[in-house]
Amino acid sequence: MATEVLRLNQFDCGILKPLDLVIHERECVCLSGASGSGKSRLLRAIADLDPHGGEAVLRGHAQSAIPAPQWRRRVALLPAESQWWAETVGEHLPKAPAAADLRALDLPAEATSWNVARLSSGEKQRLALLRVVSLSPEVLLLDEPTANLDSDNAARVERWLLRLVREQRLAALWVSHDPAQIERVADARLRIREGEAQWS
Amino acid sequence: MELISLSIGSLSLAAGLVVLLALSTYWAGLAVERSLLIAAVRAAVQLALIGLVLEALFAVRTLPWIVLMASFMLLVAGREVIARQQRRLAGWWGFAIGTLAMFISSFTVTVLALTVMIQAEPWYQPQYAIPLLGMLLGNTMNGVALGLDRLTEGAYQQRQLIEARLMLGAGWQEAIGDIMRNSMRSAMIPMINGMAAAAW
């Protein structure tokens, strides 16, 4: 039986009905729903960025008992739009990325010395993924991780993320609009209808 | 000690310069002569009133009254600092932070100067204490108003960057550290300029 990683108990992010959810090791749950239905709000609340009711539990430890910075490194959120505050890409990364990861995302080894002002939206998206994964999280909250990518890169990112989830025994909550992508990556599917997340 | 007193003639000369300035701005079409004259009259009336208060205070010379006067000056300075802020911290915080910072810096230095350097008898002799405190409060007011304004404005402008850093597990000190250091640096510029120019 797979080990439970993340559990939500009557979790209330403010605009959805309180939600119960369990994600296991190596499991990818896809979340879909119309824009503005509260998917991003739910992810932000799980990452402890927005006020919320109920409780989130990581491997038996309640969110309320873990300091927020530590929780956010373990339950890491990739937002729809990435932000860059320093001059070069490398300054945003806690450690130098593995060569295999750079290759898998079709990024050259010198990508860490790139100036962030000159990044394309696709490069930003892939580097943001690299950045969030370099925290070595246990749960990945992915807000449309392939939205800014062409189909080649989208397929690359998909394969890379799925392999990470399987090999490093992560739990993933993946927001996607693309039925074909959901078909490829989802172990379970949640759909938001009329303010309520339902299994489908 | 011989006090230098100003005659009515020399005061009229100063007032005449203000009237001349008002006339020049009128001829130059700057349309500020009205507010200039009003400000000048207001300043004269205020200074006369302060003169009356100080005269009474210098006559009484007891510690409780001097403390009362000093607290009043501090509160006025605190109010002025808040008035300079474009974006204020919610609740009492904005006022309390600025006022406390000014209290600690200017009161400690005033007491140090009075007791160790001037060594007046008693140390709180208002002829020394009040003008000294006034000068120190004026200087710290500049620094605190600039520093707070840069801090809140920076936090507002870069709120998405701050949030992105929090998202990646940074503590608040790290997430807002750059803005804090920059605002402290800006706050010290007037003082450093003053000392640098004095050295010539």
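**View 1. The end of helix H4 of chain B.** The model is predicted: local features require pLDDT of at least 70, side-chain atom pairs count only at pLDDT 80 or more, and totals for chains, interfaces and linings use all residues. Residues are numbered from 1 along each chain as its sequence is written. H4(B) covers residues 93-118, and its end C-alpha atoms lie 35 Å apart, in agreement with the 38 Å that its 26 residues should span at 1.5 Å a residue (the expected span being 1.5 Å times one less than the number of residues; helices are DSSP runs of H or I, at least four residues).

**View 2. The buried residues of H4(B).** Among the buried residues of this helix are Gly94(B), Met102(B), Phe107(B) and Leu114(B) (buried: under 20% relative accessible area, 1.4 Å probe, protein chains only). The buried residues of H4(B) pack against helix H3 (63-83) and helix H5 (126-157) of chain B (contact: heavy atoms within 4.5 Å).

**View 3. Gly169(B) in its loop.** Gly169(B) lies in the loop between helix H6 (159-167) and helix H7 (172-175) of chain B. Gly169(B) counts as buried because its relative accessibility is 3%. Pro69(A), Arg72(A) and Arg73(A) are touched by Gly169(B), residues up to four places away in sequence not being counted.

**View 4. The salt bridge between chain A and chain B.** Arg44(A) is joined to Glu163(B) by a salt bridge, with the closest N and O atoms 2.6 Å apart (salt bridge: a side-chain nitrogen of Lys or Arg within 4 Å of a carboxyl oxygen of Asp or Glu). The count between the two chains is one salt bridge.

Key. Chains lettered and ligands numbered in written order. Heavy atoms only, no water. Helix = DSSP H or I, 4+ residues; strand = E, 2+ residues; numbered from the N terminus. Buried < 20%, exposed > 50% of the residue type's maximum accessible area, 1.4 Å probe, protein only.
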